[in-house]
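Visitor: Hi! Could you walk me through this one?
Guide: Happy to; here it is.

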Amino acid sequence: MKVCVIGAGYVGLVTGTGFAETGNNVVCADLDAGKVAALQRGEVPIFEPGLGPMIQRNIEGGRLTFTTNVDEAVGAAEVIFVAVGTPPRADGAANLMAVDVVAESVARTAKRECVLVMKSTVPVGTNERVRKIVKSVRGADAKPIHVVSNPEFLKEGDAVNDFMRPDRIVVGIEEDDDFARDLMRRLYHPLSLGQDRLVFMTPSSAELTKYVANTMLAMRISFMNEIAMLCEKVGADVNDVRLGVGSDSRIGTKFLFAGPGYGGSCFPKDVTALVHVAREHSVAMELAMATEQVNQRQKGVLLRKLKHHFDGDLRNKNIAVWGIAFKPRTDDIRDAPSLTLVDGLLAEGAKVFMHDPEAREAGRARLGSSVTIVDQQYDALKDADALVLVTEWREYQNPDFDRIKQLMRTPFLLDGRNIWSTYGLRKQGFTYSGIGVRGS
Ligand SMILES: NC(=O)c1ccc[n+]([C@@H]2O[C@H](COP(=O)([O-])OP(=O)(O)OC[C@H]3O[C@@H](n4cnc5c(N)ncnc54)[C@H](O)[C@@H]3O)[C@@H](O)[C@H]2O)c1
């Protein structure tokens, strides 16, 4: 099948490469000339495990190409995916500017009857909005364009796996649209072999499903972050509570980890976008609003703990920070808790030394010379007054604590992910603090 993917970011690149992997002929179009040039050279502009070799294989197989010419890419495609960004506006709503631009250009240039698929996360009503754009731009005698909503649920760090082996493939489609239904079935058939993963529903339901899924996951995190706070007051341990609660099969173990607040390019913006859409329809999303408020407060938890430890004075303290990315196995730093921490530390007059296995370049681009970003994790620790663990990369899980202690000026460990909480570090002479763990 001839597939066009517009927007070659975290989602578009994985989507395009995934469809090429199952034999389709895919062209990915992106306005970012630097990104496209890198991809044409076979370089992957993002860190996503497993993606590089898959891109290479499909370029070599002649099934995957990249271009900056969106109109040309749309040309004769049978199916066109929209995977452009939908960042938050100042009022919390999703910014649909890029989606509108792409819809117009597809309506102008598509040469055949085709399916236009909204893969970007977009608010309820966007499918309808895109239909209107298509109708207003496309001539009455032009071949029809079928607009479908197909939100993406992949997670960065495991995106290839999530895309190739999805839990479900949500497709929002008009009930009588057999053309689009058949095409989506054929396209996704290889990813749905073991079990039918396709869930058809109306476009509005599909659009809402994506926001509900992310908000529910965010809500679990915020709830556990509140419980962590209570644990610290009553002498309980949030890790024990998590295990006790998560072993209930009705609840499950995932997204119950206390930490420095959720970040990334999805949860924060999707929770606020859901609140915004609901408000437009006079529905108060109180749980979603509280989820966001709790998260805002939680993003300050590491700074508050540091200030408490140093009696409110962080001036000229050397603070080592392990982890810049918003989570492990990605170089994505959008809305990362590390950035909130660093902004606060700098405002308090601290000196910041950071490390991340994959997000150092992104960190340098965002933070410039205001902090020192080192290439080796232990290099952040020389004469440090505190080490703060912000992202639970594997290489941070069981480090050389003797070496850490030797390098630091004062051995204070602030473990933002509770990964060292059971290592008996206090016995080794460290002052240890976690999030909701006993003694924090
Ligand atoms: N990142 C995730 O984990 C994830 C998961 C599920 C859904 N989503 C959603 O998918 C969408 C894309 O997210 P992302 O993380 O891949 O974003 P991204 O910023 O990594 O990529 C978006 C790409 O679109 C390109 N672009 C913007 N306007 C364009 C235009 N008019 N024509 C062509 N290209 C254009 C940009 O240059 C960029 O490369 C968002 O709506 C997001 O909410 C993201």
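Visitor: Where is Val 301 placed?
Guide: Val 301 sits in helix α13, residues 301–309. Helices here are DSSP runs of H or I with at least four residues, numbered from the N terminus. This is a predicted model, where local features need pLDDT of at least 70, side-chain atom pairs count only at pLDDT 80 or more, and totals for chains, interfaces and linings use all residues. Residues are numbered from 1 along each chain as its sequence is written.

Visitor: Is Val 301 buried or exposed, and why?
Guide: Val 301 counts as buried because it has 23 C-beta neighbours inside 10 Å. The cut-off for buried is 20 or more other C-beta atoms within 10 Å, with C-beta atoms placed from the backbone.

Visitor: And which residues does Val 301 touch?
Guide: Leaving out residues up to four places away in sequence, Val 301 touches Pro 260 and Ile 435; contact means C-beta atoms within 7 Å. Gly 261 is 40 residues from Val 301 in sequence, with 8.4 Å between their C-alpha atoms.

Visitor: Switching topic: which residues touch the most other members of the largest nonpolar core?
Guide: Ile 6, Ile 80, Ala 320, Leu 387 and Val 388 do, out of 128 residues. Such a core joins buried Ala, Val, Leu, Ile, Met, Phe, Trp, Tyr and Cys residues through C-beta atoms within 7 Å. Helix α9 (residues 203–234) gives the most to this core, with 9 residues.

Visitor: What comes nearest to the ligand?
Guide: Gly 7, Gly 9, Val 11, Ser 120 and Thr 121, from 27 residues around the ligand, counted by a C-beta atom within 6 Å.

Key. Buried ≥ 20, exposed ≤ 12 C-beta atoms within 10 Å, placed from the backbone. Helix = DSSP H or I, 4+ residues; strand = E, 2+ residues; numbered from the N terminus. Contact = placed C-beta atoms within 7 Å.
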